Amino acid sequence: MYKLCIITPCSRFENLDTMYETVKHPSVLWIIVHDSLNHTLKEYENTVQLICHRPDGIAGKPQINAALDILDKLDYHGYCYVLDDDNIIHPDFYKHIFRYIKKGFNSLIYFNQDVHGVIRIPSLHVGMIDQAQYVFHIPTIRFSNQYDGDGIFVEMLAREHSEYINETLCYYNKLRPL
């Protein structure tokens, strides 16, 4: 059974090979949810690929929700992380996250983000945290289909329980040119 599921809403398929090199881990299931099928799907180990085209979708929220729905159907009760298709896994991410997963946190852990060399410290409020800055236990709630839907989602999860890791464990748009 996978300890962590990484969900990637995808419209930049050209980044997937680079992303895979940082995502691959025997305890990780990677779910890539494509916004369209404008390209040939390449197979990756421990990966599920779906297509969820929603013209009214904002910032990949319908794609994330489609992945969460699949995890529900698979009866997965583990932990999830959203990795945008212009990002990679931070080298320290797995070491810290698996330690918290082993402890059995029950809602949300969040951490600092490297924004092109500047460290962003999160706050659990809309507009103050990026979806790359937290790992969550699979919830029954879903992301609202709006740009700041990740902030609304994290505020709802944080009501249950949250833990802050004072470490930089993610990037912001690492694969996007400056």
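Y94 and F98 are separated by about one helical turn, because they are four residues apart in helix α3. Helices here are DSSP runs of H or I with at least four residues, strands are runs of E with at least two, and both are numbered from the N terminus. The model is a predicted one, in which local features need pLDDT of at least 70 and side-chain atom pairs count only at pLDDT 80 or more, while totals for chains, interfaces and linings use all residues. Residues are numbered from 1 along each chain as its sequence is written, and side-chain values use heavy atoms, with hydrogens and water left out.

A search of the whole structure finds 10 aromatic pairs. Rings of Phe, Tyr and Trp (its six-membered ring) pair if their centres lie within 6.5 Å; planes under 30 degrees apart count as stacked, over 60 as edge-to-face and the rest as tilted. The rings of F93 and F111 have centres 6.0 Å apart and planes at 75°, so this pair is edge-to-face. Because F93 lies in helix α3 and F111 in strand β5 (residues 108-115), the pair ties together parts that are 18 residues apart in sequence. Both F93 and F111 are buried, where buried means under 20% relative accessible area, exposed over 50% and partly exposed in between (1.4 Å probe, protein chains only).

For Y94 and F98, the ring centres are 5.4 Å apart and the planes are at 10°, so the pair is stacked. Y94 counts as buried because its relative accessibility is 12%, and F98 counts as buried because its value is 15%. Y81, F93, Y94, F98 and F111 form one aromatic cluster.

Helix α3 (residues 93-103) also holds H96. With 9% relative accessibility, H96 counts as buried. Leaving aside residues up to four places away in sequence, H96 touches I165, E167 and L169; contact means heavy atoms within 4.5 Å.

Next come the strands. Two strands pair if DSSP finds at least two bridges between them. Strand β4 (residues 79-82) and strand β7 (residues 134-137) pair in the antiparallel sense over three bridges, and the bridge partner of C80 in β7 is F136. β5 and β7 are likewise paired in the antiparallel sense over three bridges, with V135 in β7 as the bridge partner of I109.
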